[in-house]
Amino acid sequence: MAKKRYPSWVKTRTHARMHDDFRVFLYWLWKQLGLPEPTQAQYEIAEYLQHGPKRRIVMAFRGVGKSWITSAFVLWCLMRNPDEKVMVVSASEYKAIEFATFTKQLIATIDLLQWLTPNTSAGQRDAVQAFDVGPARPAQAPSVRAVGVGGQMTGGRATKIVFDDIEIPNNSDTEGKREKLDLRAREMGGAILVPGGHSIGLGTPQSIQTIYNGFEERGYNIRIWPARYPGREQIDAYNGRLAPQVLDRLTNGEASEGDPVDPRRFTEEDLQEREAEYGKSGFLLQFMLDTTLSDANRFPLKLRDLIIMDVAMDSAPTKVVWASGRAQMLEGMPNVGMNGDRFFSPMHVAEAFADFEGSVLFIDPAGRGRDETAYAAVKSLHGMLFLRRWGGLMGGYDESVLKTLAEIAKSESVNAVHVESNYGDGMFNALFSPVLNDVYPCHLEEYKVAGQKEARIIDKLEPVLNAHRLIVDKTIVERQLDTIPIKEAGDRARVYNGFYQLAFLTRERGSLPQDDRIDVLAEAVGYFTQSVARDVKKAEDKRKARLLEEALRAHQKNCRALSGRHDRRRWN
C-alpha cells in the first residue's frame, strides 16, 4: 500500500492528524489563541463541517461560536488546498469583512499559518474584502472574498460559499424582503458556486417564516444544535434536522429534556436570563431554533402574565409580586383570551408606597373609518410599569377626541405626551397642540415606528409580560369589558377590546383585524424599557438603604443636640 502523501507543511505526526481531522486542527488553533478546549457541541459542528454533504447548513444557538469555527474551517481548507476559492456572504458587507478579517489575522499571527500570507510582490491581493494566500496560483477570483448579501456577487466564482447569518430582522421582516433575500440565496448556490463546490450555511431563524425552511427543497441538509435538549413533541417538530449526537444523548439517558446542550457555553442560569430577555417565542427561535410554534407559542402574550389591581393616580406600592394560583384568580370577568387564560390579582403588595418616577401618555391617531385613536397612559416605579388608562376613541381629528385626550393627560398628570407621526405627517400634533396647551400644558413630541407591526409589538411586550412587570388598573379591565358587550355583539365588537388584541396577536402579518390599542400600549411600554430592565428587588433595597441612612442622620443630629444641651448644663 502506497504511503499517503502530505503537503509540505505536514512535518510531524500532529500535523498529519491536523491535516486529516479538522477537529484536531480546531483544538490546536484554539490552544494557539489561548482559548479553552472546544466544547462537545463545537467538536460536533466541526465534524459536520468536514464530513457533511456538499450543501449543508449549521443551525446552532446564539453564542456557540459557529462563525469562529467556520472561519477556522476556511483556514483548514486553504492549508490543504491553497487553490480553494471561498466567498463569505453575510447580511451586510461589514459582517462578512469581520469574518474575513479574523481569518486573515490568524494567518498573520500564527507561525504555522504564515506561509499562507499574501505575496504582494507577486501581485497578490491583500485587502480584507478580497485577499489571496501565498501558494495560490494566479486566478481571477481571490482566495477569500467578503461580500454582503445585497452586494455585487455576480461574476464571482467560488469552490466554497459560506453564508453566515444572511437573515437578520432588517432584511426579513416582510414577505417582500424575504422573497428578495431568498432570490439572492438561490443565486449564491447556482450562478456562483463551481460544479462540485460546497455551500455551507450558518443560520439562526428570525421568524417562523424563515427562508432557511425552504433550503431543503433545494438539496440542503440542515442540522440543528439547540440550546436545551428538547422534549418529545419538539423533537418531532424538528423534522429530522436535530443533530444526531443530541438525539442519541436523549435516547440513551445521558441527558434529559430541558438540560443545557452545551453547559460550558451556557449554564441553566445563563439560559434562564436569555429566555427572560428574548421572551418565550424569541428564545424558541434564537436558541431552540424551533420555527414550528405550537398554538400556545404562536400567541405569546398571555393575560395571566398581567397583574390586575387598583392603581392610584400618583403613587404605587414599592413592590408587587405576581401569582397565578386559584386564590388570585379574578372571578366574574369574561375570558377574552385563549381557553384557560385568566386575569389574576397579585400575591403580595408592599405596604410602603412611593411617588411614580415617570408618567407618559402615548397616542396613535386614526382617520375616519374602523380605526380608533388609541391611547395608553403608563407610569413607572422601581422597574415596574403601571397601566393607568388604556382605550380608543372613534372620530379621528374631531374636537371632542382632542379635548378628551387632553383631559386624560391632565387627570393623569403625565410628564409628556407622545404622538405617532407616521399617519397624517404631523397634522394631528398641529391640531392637538393648542387644545393640549389650553387644558394641560406639557411636553408634546412625535414618535415613529418601523418594521413589521406584529413582530414589533410582541418584541416590546413579551419580555415585560414574561417578567410580570406590567400592572393594570382594575377599572381598565372592567371598563373595556363593560363597554364592549362581548356575548351580545360577538367577535365584531370583541376585536376592539385591548385584552383580546393582546391575547390573539401573533407574528403573522395581519393576524388581528384591529390592533390600535395593543400597538399604542407596546410603544408606551417600550418607552420605559430601560426602567423595566432594572431589578425590582435592588430598587427596593436601595430605597430602604436610603431611608435607613436618613433615619441614622436624624438620630445622629438628635444625639448631637442632646449632647450639646448636656454640656451646657454641666458648665453652667
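Predicted model: local features only at pLDDT ≥ 70, side-chain atom pairs only at ≥ 80, totals over all residues.
Residues are numbered from 1 along each chain as its sequence is written, and side-chain values use heavy atoms, with hydrogens and water left out.

**View 1. An open sheet built from seven strands.** Reading across, the order is E3-E4-E2-E5-E6-E1-E7, and the pairing is mixed. Strand E3 (130–131) and strand E7 (221–225) sit at the edges with a single partner strand each, so one side of each has no neighbour in the sheet. Helices (H or I, at least four residues) and strands (E, at least two) are DSSP runs, numbered from the N terminus, and two strands pair if DSSP finds at least two bridges between them.

**View 2. Strands E5 and E6 running parallel.** Look for E5 at residues 158–164 and E6 at residues 193–203; six bridges join them.

**View 3. Arg-218 and Asp-182 in a salt bridge.** A salt bridge here is a side-chain nitrogen of Lys or Arg within 4 Å of a carboxyl oxygen of Asp or Glu, and by that rule the count comes to 22. In this pair, the closest N and O atoms are 3.3 Å apart. Arg-218 is in the loop between E6 and E7, while Asp-182 is in helix H7 (residues 175–192), so the pair links distant parts of the chain, 36 residues apart. Both residues are buried.

**View 4. Arg-388 meeting Glu-412.** The N to O distance of this salt bridge is 2.9 Å. Arg-388 belongs to strand E15 (residues 384–393), and Glu-412 lies 24 residues away in the loop between helix H12 (399–411) and strand E16 (416–420). Arg-388 and Glu-412 are both buried.

**View 5. Back to Arg-507, now with Asp-459.** The closest N and O atoms of this salt bridge are 2.8 Å apart. Arg-507 is in the loop between helix H18 (498–504) and helix H19 (516–527), and Asp-459 is in helix H14 (residues 453–466), 48 residues apart. Asp-459 is partly exposed, with a relative accessible area of 45%.

Methods
Buried < 20%, exposed > 50% of the residue type's maximum accessible area, 1.4 Å probe, protein only.
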